[in-house]
Amino acid sequence: MSLYLLCLSLFLIGLYCVLRKRNIIKIIVGIIICEYAVNLFFVLVAYKIGGRSPIHSPEQAIENMVDALPQAVVLTSIVIGLATTALLIGIAMRIYQKYGTFDITKIRELNG
Amino acid sequence: MSREHDKGMSVIVKTITRLTVGLIFLYGIHILSHGHVSPGGGFAGGIIVALSFVHLMLAYGKDVALEKLPRGVTSLFEGMGAIIFLSIALIGFTSGYFFINFLAKGEPFRLFSAGIIPLCNIAIGLKVGAGLFAIFVALVLLKFDTESKENKK
Amino acid sequence: MTQTTALNIIPLFVVIPLTGSFLISILGRRFKALPDLLGFFATLGSLLAAIAAVWAINSYGTLVYSVGAWKAPIGIAMVLDGLSVFMLVVVNLIASAVCVFSINYMEHYTSKWKFYTLFLLMVAGMNGVVITGDIFNLFVFLEIASVASYALVAFGTEKHELEAAFKYAVMGTVASLFILLGIVFLYSFTSTLNMADMASVLAGGKSANIILMVSVLFLMGFGFKSALVPFHAWLPDAHPSAPAPISAMLSGVLIKSLGIYALIRIFYNIFGITAEISSILMFLGALSMVIGVFLAIGQWDLKRLLAYHSISQIGYVILGLGLGTPLGILGGLFHLFNHSVFKSLLFLNSGAIEYETGTRQLKEMGGLIHKMPVTGTTNLIASMAIAGIPPFNGFFSKLIIIIAVVQAQRYGYAFWAVLASVLTLASFLKVMKYAFFGELKKKWEKIQGVPAFMKISMISLAIICVIGGVLIIPTAREMFLDRAVDVISNGSNYASVVLKAIM
């Protein structure tokens with residue numbers, strides 16, 4: 001249970017970072033923290049006490065493995081995270097090129 | 001940024017890089033090709049292959065790395081990876097289903113086993129390796145562009 | 001066409017746009033005409049496949065395709081039912097019209113092939129979201145479409161585009177994380193990712209608490225994607241900043257296939273609708289409807305005005321769908337179809353104006369109908385349709401929604417719907433007056449007409465606006481709209497229908 005709560009607090013730290021920080025790079029870091037909290041939570045959900053990693057090898061019998069599906073799924077979600085992060089950093093660098101600052105309070109030409 | 005920095009780091013770093021970069025590349029290929037029998041696979045292998053080129057670029061500067069792997073070739077590899085993956089999936093139609101494993105499965109835990117999965121891993125490795133290196137190059141070159149503009153000012 | 005052939009159509013919706021996208025990314029740089037051709041044929045091919053799919057579900061009912069011959073609870077299933085087919089037709093119709101438009105419009109941007117690569121990737125993502133029967137697969141396709149759309153919003157790489165894209169990307173990523181968190185909770189409770197299987201597990205056990213928790217997460221996540229009012233802040237920045245064809249795609253189909261479709265599929269088919277969720281959806285719908293139109297009426301930037309109207313019209317769709325009666329669902333879905341047609345037409349028109357004059361400010365335009373008769377006429381048709389003037393398609397769908405709301409004795413919502421419709425009319429009268437009628441300004445005297453492909457695309461969408469009303473004639477309705485209404489109004493049957501269709 002305490003592990004789940006740690007996961008939740010990690011997610012909230014990330015969310016705080018996204019909502020509260022003014023530097024674009026810190027916002028991106030916040031998003032990455034959030035993402036890893038969710039991925040960690042997904043892997044933890046599949047864990048069972050005393051289970052071994054879900055790798056099929058010739059020496060060992062298939063017994064007492066943890067659930068393998070979330071691990072495969074989390075890998076996909078990490079790849080998606082990589083794509084999003086790369087895009088965000090690209091946009092952030094372009095913003096720096098145009099505005100000359102990373103401070104979001106100074107980047108306010110639109111008011112949606 | 002000065003000219004010397006473009007040409008890379010110190011002699012120590014360059015020498016170590018020259019010795020290790022081939023090993024890193026080969027390790028990536030190993031992870032990539034044994035994805036179906038041990039942990040690893042296309043994504044992890046592709047990342048390691050890309051990192052070997054990133055390593056080269058950090059040590060020797062962008063010109064040397066881009067000479068080894070020009071941007072056009074990178075994007076060609078990336079597209080090829082995707083196309084190969086998609087065509088493996090499409091060939092499955094000849095056996096009745098999209099993405100069906102139409103090759104012989106072979107014996108477990110051998111290199112040539114598991115049907116189409118090693119082929120898919122190779123395609124994914126191409127795509128990821130080229131893609132990650134392309135992202136790195138794009139971000140670094142964008143930075144160089146900005147700095148050269150600022151220097152002109 | 002036998003059932004096997006009909007089944008083999010299903011993966012094509014993802015395969016065709018993806019193949020087009022990757023081929024363009026390899027070859028597009030060398031052959032200049034190739035991106036246009038491949039883009040056009042890929043979207044046209046998907047449209048033809050969607051029309052074939054309409055025929056297929058009318059002959060064989062719900063079809064389930066097992067990818068890689070792995071049967072559904074284990075493998076990934078692709079489900080083709082009435083609602084999917086309806087969305088597929090909408091997405092691919094707009095995509096092909098937009099593709100024809102871009103042939104001329106994208107000339108003044110550099111590197112057209114990058115545009116087409118991202119565009120087809122986005123279409124593949126949307127088709128995938130609609131066709132899949134697996135909830136994690138839905139998330140993956142949703143991210144493909146979203147990431148492509150973030151990049152497309154930033155396509156111009158000017159100050160405004162980048163700022164809007166950054167805002168959109170940050171908010172969109174956080175929304176996606178909420179969706180992923182909801183999926184994690186669902187998986188931990190049901191131990192399956194297949195949506196039909198999940199629905200049958202949730203229907204069986206004590207699942208009220210987990211459904212409540214996940215409902216909130218999904219309402220936030222998909223609410224962001226469909227720009228319902230408390231979550232709408234990104235839309236008025238992101239949609240105007242994109243190039244006009246992309247604005248048309250974003251407003252026309254992206255918020256619907258990623259937001260509304262997923263919301264409806266999950267709440268009606270997996271959880272089973274409850275009175276609370278229904279009233280929350282109706283309230284959010286009415287709120288979006290009214291606030292959107294009030295914010296729109298004061299805008300002087302044409303594309304920004306249209307973007308606020310998207311929020312307002314999405315409110316109508318959600319109001320109709322949230323009502324839950326068959327008539328309300330029919331109205332909501334029909335309005336969804338109509339809105340994608342006329343809103344993309346309006347955005348394409350604004351693109352045509354920008355292409356010729358280079359401005360989006362209404363105060364700088366004036367009398368443009370003398371120089372751009374085709375754009376003026378199509379804009380008039382689309383404005384009448386969005387405001388709900390009788391012969392056009394928007395009238396019928398709004399009428400059905402309002403009748404359904406009155407039948408359910410929700411007179412307050414009916415009043416707000418009528419009010420929003422009147423305000424919509426007022427704001428589009430403003431657009432027509434300032435942009436097209438009146439005296440032609442001196443500086444616009446030299447502009448020529450719009451290029452041919454842009455005209456073709458706008459005229460064909462305008463024709464659909466005019467004749468769109470035929471879809472509620474009984475025979476056409478039974479084939480197309482009623483199939484989709486059935487899926488939603490008998491939402492709890494989804495699990496049994498899909499699990500039976502897996503052979």
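Q: Which residues line the second largest cavity?
A: Tyr168(C), Met171(C), Gly172(C), Ala175(C), Phe224(C), Lys225(C), Trp234(C), Leu254(C) and Leu258(C). A cavity here is a set of points, on a 1 Å grid over the protein atoms alone, where a 1.4 Å probe fits but cannot get out, and lining residues have an atom within 4 Å of a point.

Q: Which elements give two or more residues to that lining?
A: α7, α9 (208-226) and α11 (244-271) of chain C do, and the largest share, four residues, comes from α7(C). Helices are DSSP runs (H or I, at least four residues), numbered from the N terminus.

Q: Before I go on, what am I looking at, and how are things numbered?
A: A predicted model, where local features need pLDDT of at least 70, side-chain atom pairs count only at pLDDT 80 or more, and totals for chains, interfaces and linings use all residues. Residues are numbered from 1 along each chain as its sequence is written, chains are lettered from A and ligands numbered from 1 in the order in which they are written, and side-chain values use heavy atoms, with hydrogens and water left out.

Q: OK, how big is the largest cavity?
A: About 70 Å³, the volume being the space filled by probe spheres set on grid points joined across faces, edges and corners.

Q: Which elements supply at least two residues each of its lining?
A: α3 (69-99) of chain A, plus α6 (135-153) and α7 (159-190) of chain C. Glu35(A), Thr84(A) and Phe139(C) are among the lining residues.

Q: Switching topic: how much area do chain B and chain A bury between them?
A: About 1100 Å², 84% of it on carbon and sulfur atoms. That's the accessible area (1.4 Å probe) lost on putting the two parts together, summed over both.

Q: And which residues in chain B lose the most?
A: Phe43(B), Phe109(B) and Leu142(B), together 48% of what that side buries.

Q: How many salt bridges across it?
A: Zero by the rule, which asks for a side-chain nitrogen of Lys or Arg within 4 Å of a carboxyl oxygen of Asp or Glu.

Technical notes
1 Å grid on protein atoms, 1.4 Å probe; cavity = no way out; pocket = protein on both sides within 12 Å on 5 of 7 lines; lining within 4 Å.
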